[in-house]
Amino acid sequence: NARDAEAAYRAYLGIMESRVLPNLSLLSNDNPSAVTGMPIFVLQTRQYLARNLLQQNRLAEAESEARRALLDVLKWKGRYAPETGGAILSLAAIVYGQGRYPEAEQLGRAALDVYANVGTENASFAVSEARRMVARTLGSQNKWTDAAVIYADMKKDIRSEEHTSEP
């Protein structure tokens, strides 16, 4: 259930933040390849926790965790990294769930900017999710024409990708 998952996420984050992350330099001497993904596991767990809290309708806590995950990924990877786009979208979903549609739209567009700058294909799942977020927020603001344009662009890009990937 959601409460058990929340407890597990929090326990994992506690261990990672108190024992593992502060000692990454020691661990990297023994096995450098095992350490490189460690901060991303923490980020992903924080995002899972935020989504879990959203499912429990604990919106303020969910937003706090999502913002913390975004700050962490910005510190570890910088603005223009695929992980940053994902963290922005996680926050956008929570803000959207609170009915703050203009802010969620801005976040969705920021994720699109990240994906464009790192060269993510328009037909990719990540870009499609960011576009879908922007289109949903536009629809929620009764900007149906703008939302329809985004959905049409998504459809065009996906069809184009299907035709170029055929043997």
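1. The axes of α5 and helix α6 (residues 82-97) come within 9 Å and cross at roughly 165°. Axes here are lines fitted to C-alpha atoms, for helices over the stretch in contact, and angles run from 0 to 180 degrees between N-to-C directions. α5 and α6 are therefore roughly antiparallel to each other; angles over 145 degrees count as roughly antiparallel, under 35 as roughly parallel, 65 to 115 as roughly perpendicular and the rest as oblique. The crossing of α5 and α6 is left-handed, a term used if the near helix is turned anticlockwise from the far one by less than a right angle, with right-handed used if clockwise.

2. This is a predicted model, in which local features need pLDDT of at least 70 and side-chain atom pairs count only at pLDDT 80 or more, while totals for chains, interfaces and linings use all residues. Residues are numbered from 1 along each chain as its sequence is written, and side-chain values use heavy atoms, with hydrogens and water left out.

3. On confidence, the mean pLDDT of the protein chain is 90, and 90% of its residues reach 70 or more; pLDDT is the predictor's confidence in each residue, from 0 to 100. Confidence is lowest in helix α3 (residues 32-35), at a mean of 55, and highest in helix α7 (residues 101-117), at 98. Where pLDDT is low, the predicted coordinates should not be read in detail.

4. The protein chain has 9 helices and 0 strands. Helices (H or I, at least four residues) and strands (E, at least two) are DSSP runs, numbered from the N terminus. Of the 167 residues, 38% count as buried, where buried means under 20% relative accessible area, exposed over 50% and partly exposed in between (1.4 Å probe, protein chains only). Among contacts between residues at least 6 apart in sequence, 59% join residues at least 24 apart; contact means heavy atoms within 4.5 Å.

5. Which residues of α5 and α6 meet? From α5 come Leu59, Ala62, Glu63, Ala66, Arg67, Leu70, Val73, Leu74 and Lys77, and from α6 come Glu83, Thr84, Ala87, Ile88, Leu91, Ile94 and Gly97. By class, this contact of α5 with α6 has 10 nonpolar, 2 polar and 4 charged residues. Ala, Val, Leu, Ile, Met, Phe, Trp, Tyr, Cys and Pro count as nonpolar, Asp, Glu, Lys and Arg as charged, and the others, Gly among them, as polar.

6. α6 also packs with α7, at an angle of about 170° and with the axes 8 Å apart. α6 and α7 are therefore roughly antiparallel to each other, and α6 passes α7 in a left-handed crossing. The residues in contact include Pro82, Gly85, Gly86, Leu89 and Tyr96 of α6, and Tyr101, Ala104, Leu107, Ala111 and Tyr115 of α7. By class, the contact of α6 with α7 has 14 nonpolar, 4 polar and 1 charged residues.

7. Glutamine 47 is placed in helix α4. Is glutamine 47 buried or exposed? Its relative accessibility is 9%, so glutamine 47 counts as buried. Not counting residues up to four places away in sequence, glutamine 47 touches Ala69, Gly86, Ala87 and Ser90.

8. Arginine 10 lies in helix α1 (residues 2-20) and, at 34% relative accessibility, counts as partly exposed. Leaving out residues up to four places away in sequence, arginine 10 touches Leu49, Leu53, Arg58, Glu61 and Glu65. Arginine 10 and arginine 46 are 36 residues apart in sequence, and 8.4 Å apart in space, C-alpha to C-alpha.

9. Two loop asparagines deserve a check of the backbone. Most residues other than glycine have a negative phi. Asparagine 57, however, has a positive phi of about 65°; asparagine 57 sits in the loop between α4 (38-55) and α5 (59-77) and is exposed, at 58% relative accessibility. Asparagine 142 has a positive phi as well, near 60°. The loop holding asparagine 142 runs between α8 (125-140) and α9 (144-164), and asparagine 142 counts as exposed at 59% relative accessibility.

10. Proline 22 is found in the loop between α1 and α2 (24-30). With 52% relative accessibility, proline 22 counts as exposed. Apart from neighbours within four places in sequence, proline 22 is in contact with Met16 and Glu17.
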